Amino acid sequence: YSFCTLLEGEEGGGDLPRSKMEAFFLKLVLNVSAASGIGSLADFICQKIEAAVKNEPEPGTDFVKGEETGHDWGRTGRFALSFGVLGGGNSFLWYEYILPELSGGKFWHQMAWDNIVYNTYFVLLGLTGNELLKPRGEDSPSVISSVTHAFPGTWATAEVVMLPADIIMFTYIPRHFRVVFIKSADVIWMVSASYFANRAVPQPSPAPLNESEETTCMVTD
């Protein structure tokens, strides 16, 4: 309620009209809920991609690992929570209130603030949250070193999607639909990043036969 008063300004003695306060929280809840649903969809697709890559045949062979990988609903729930509360809540405040004040509604000012400041913040937030959710052993690198290492490439790939998305959003999308639009663009980025990241990870080949096994096979044949 105090934050609403700060953003909306004082009216008639310093209290927000009840309807305006209710509208603020209703929009906040709707944006968080929408972002959570979109985040769940993104993680569902990413897990399907990860499972498909793990079960691809080895190049030049018909060998299929056939690993059974059930869906990790706990991971989807954690992702929906972080994507909804942190992503949806922050994005709602940013696009609905903070960015218009900083940019004055000017197109290029919005582009600069959103890509340089908010995109940097959001990538750092996402990487840090991802590292904190991972199980960590004694030999695991620190969260700071992991985030620092991953940030440049992650930010650059995010810009490939976010830059054209921002052009569309600030030109055509009404302010009250911008959180849903930009979270949907995030799904495209995350699914693409998951696909290429998993394609780049070398998959283990079947263990070669040792010399005695090869000899046995030759004799048997």
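**Confidence and a cavity in a predicted model**

The protein chain of this predicted model averages a pLDDT of 75, and 69% of the residues score at least 70.

Me: For residues 211-221, where pLDDT stays under 50, how many contacts beyond four places in sequence does the model have?
Reply: Happy to take the two ends in turn. Over residues 1-14 pLDDT stays under 50, and the model has 22 contacts beyond four places in sequence there. Residues 211-221 also stay under 50. For that stretch the count of such contacts is 2.

Me: Which element gives the largest share of the lining of the largest cavity?
Reply: The search of the whole structure finds 1 cavity of 30 Å³ or more, with a volume of about 90 Å³. Its lining includes D114, N115, Y118, N119 and F122. Elements giving two or more residues to that lining are α3 (73-103), α4 (107-133), α5 (143-172) and α6 (178-200). The largest share, 5 residues, comes from α4.

Me: How many charged residues are in the lining of the largest cavity?
Reply: Let's go class by class. The lining has 5 nonpolar and 3 polar residues. Among the lining residues are D114, D166, K183 and D186, and Asp and Lys count as charged. The number of charged residues is 4.

Me: Is L163 buried, exposed or partly exposed?
Reply: L163 sits in helix α5 and touches M111 and N115, leaving aside residues up to four places away in sequence. Its C-alpha atom is 8.0 Å from that of M111, 52 residues apart along the chain. Buried would need under 20% relative accessible area and exposed over 50%. Because its relative accessibility is 38%, L163 counts as partly exposed.

Key:
Residues are numbered from 1 along each chain as its sequence is written. This is a predicted model: local features need pLDDT of at least 70, side-chain atom pairs count only at pLDDT 80 or more; totals for chains, interfaces and linings use all residues. Side-chain values use heavy atoms; hydrogens and water are left out. On a 1 Å grid over the protein atoms alone, a cavity is a set of points where a 1.4 Å probe fits but cannot get out, and a pocket is an open set with protein on both sides within 12 Å along at least five of seven lines; lining residues have an atom within 4 Å of a point. Grid points are joined across faces, edges and corners, and a volume is the space filled by probe spheres set on the points. Helices (H or I, at least four residues) and strands (E, at least two) are DSSP runs, numbered from the N terminus. pLDDT is the predictor's confidence in each residue, from 0 to 100. Contact means heavy atoms within 4.5 Å. Buried means under 20% relative accessible area, exposed over 50%, partly exposed in between (1.4 Å probe, protein chains only).
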